[in-house]
Amino acid sequence: MCQLSPAPERRVLSLHSTLGTDPVDLKCCTLYYPVSCNKDGITLVFSHGLAGHKEQYDPTISRLLSHHQARAIVRDIWVIDFPNHGESAILNRPTLDARKAAGKGVCTTADFESYLRAFLSSPSLKNSSVVGIAHSGSCTAWVLALTFTHPCPTPVAIILVEPTLMFPSLSPTDPRSIHGAANVRGSLTKRDRWPNREALEKWLIGGKGVWRKWDKRVLSSYIRYGFEEVDDLGGAAKSYVTPTLRKDEESPLYACLSHTVEPESLSRACRAVGDAGNGVHIVWAEFQEFITQVAREDILEAAGHRVVSQRIVTGAGHLIPQEKPDALGEALVEILGEILHGSGKGKAKM
C-alpha cells in the first residue's frame, strides 16, 4: 500500500564495485521511501556531499513530499551512504581498514563513481526513470559515472546542488583551490574523539564551526548517524565517539584533483541527460562561500550552456541541505514540476 507521507525503510544492498583497481563487494546502506503507486512515476536518488550521510536529507524530503504535486509524480526515493560514510562505513570498515593496512590507500571520488554506477545499475532500479540529486562533492561522482567507458544507465534528469566541479585550468588562487587545500589540512588536525554524543553535541554547538548554522533536525541526525561509538583499545576509557568517515579518509577527498574533470566530460554528461529526458538543473547558494560567480560561469561554460534551469536558495551557504533543508525541498518541487511539463522530450527507463 502506498502512503502519503511514507516512513523510510532502511535497506542494505550489496554492490559489486571497485576500490582502486581491485574488484570488491561493498555494502550500501540506503533509505527507501515508497511514495506512490504511480508505475510511470520518477525515482529520486539522493547522494550526500563529503562528510555527509543519507539521513541529512530527511527534512528536505519531508518538505518535498508535503506537496501533492510532488507525490503525484514521484514513485519512490532512494538515499544512499557512500562506502566510507554513515552506516555504510560501519559495515565496510573491515574492508576499508584492511586496504589501508595493506598500503592500498583510501576511498577516492573515482571509487565513489564506481559505487554509484553499481547502485544505478542494480536490480533495485531496474525499469526506473531516475532523477539524480547530488550535493557538493558527490556531483563529481555523477559526472564521472555518466562519462565512464562503460557508463551507468542514464538518468532522465540530474539536479546538482552547489557542484564543486573543477577543471584542469583551475588557478591556485581560485577560492576552490584555496578552500580545498585548507580542508585537506584542517581535516587532519581537527578533533575526532569525544567521550559520548552529549559531549560531541556540546562541542559542535559551542564552537565556531559551520554546525552553528545548521538546521537543528539535520544537526541531530548528524550526531546520530555521522558518528559511531568504538572501543578504546589500550585506552583508559571503554569507548569513545568518532566520525564514521575517518579523518585520514576525509582529507584527500578535498583535494582539487579529486573533483577535477575535463570540460568535455561535463558537456558529454549534460548532453546525455538532455537526450535521455529533461537535462541538468543547478541549485546555487546565495552566499558564495565556495562556488563564486566566476566558478559558476566556468561550470556553465564547460556544460556547453546545456543547463536547463538554475535557482538560488536564499540565506544559504555552500551547505544548503544542512542549512536550509526546507528551502531546498521547495526548490526541488519547482524543478520536478518543470521536469513533468518537459516530459514531451521522452522518459528513459533504467
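Arg75 is buried, because its relative accessible area is 19%. Buried means under 20% relative accessible area, exposed means over 50%, and partly exposed lies in between, with a 1.4 Å probe and protein chains only. This is a predicted model, where local features need pLDDT of at least 70, side-chain atom pairs count only at pLDDT 80 or more, and totals for chains, interfaces and linings use all residues. Residues are numbered from 1 along each chain as its sequence is written, and side-chain values use heavy atoms, with hydrogens and water left out.

Stay with Arg75. Its place is in strand 4 (residues 74-80). Helices (H or I, at least four residues) and strands (E, at least two) are DSSP runs, numbered from the N terminus. The side chains of Arg75 and Thr43 are joined by a polar contact of 3.5 Å. A polar contact is a pair of N or O atoms within 3.5 Å; within protein, one must be able to donate a hydrogen and the other to accept it, and residues adjacent in sequence count only if both atoms are side-chain atoms. Not counting residues up to four places away in sequence, Arg75 touches several residues, including Tyr33, Thr43 and Asn127. Contact means heavy atoms within 4.5 Å.

Now look at Tyr32, in strand 2 (residues 22-34). Tyr32 is buried, because its relative accessible area is 11%. Its side chain makes a polar contact of 2.9 Å with the side chain of Asp76. Leaving aside neighbours within four places in sequence, Tyr32 is in contact with Ala7, Pro8, Glu9, Arg11, Asp76, Ile77 and Trp78. Tyr32 and Asn127 are 95 residues apart in sequence and 16 Å apart in space, C-alpha to C-alpha.

Asn127 lies in the loop between helix 4 (109-120) and strand 5 (129-135). Its phi is positive, about 65°, although Asn127 is not a glycine. Asn127 counts as partly exposed, because its relative accessibility is 46%. Ser136 sits in the loop between strand 5 and helix 5 (138-147). Its phi is also positive, near 55°, and Ser136 is a residue other than glycine. Is Ser136 buried or exposed? At 9% relative accessibility, Ser136 counts as buried.

Next come the helices. The axes of helix 1 (residues 58-65) and helix 13 (residues 325-341) come within 8 Å and cross at roughly 45°. Axes are lines fitted to C-alpha atoms, for helices over the stretch in contact, and angles run from 0 to 180 degrees between N-to-C directions. Helix 1 and helix 13 are therefore oblique to each other. Angles under 35 degrees count as roughly parallel, over 145 as roughly antiparallel, 65 to 115 as roughly perpendicular and the rest as oblique. In helix 1, Pro59, Thr60, Arg63 and Leu64 meet residues of helix 13, among them Pro325, Asp326 and Leu336.

Helix 7 (residues 197-206) and helix 8 (residues 216-225) form another pair. Their axes come within 10 Å and cross at roughly 140°. Helix 7 and helix 8 are therefore oblique to each other. Arg197, Leu200, Glu201, Leu204 and Ile205 in helix 7 meet Leu219, Tyr222, Ile223 and Arg224 in helix 8.

Asp215 caps its N-terminal end, with a side-chain oxygen 2.8 Å from the backbone nitrogen of Arg217. Which residues of helix 8 are buried? They are Val218, Leu219, Ser221, Tyr222, Ile223 and Tyr225.
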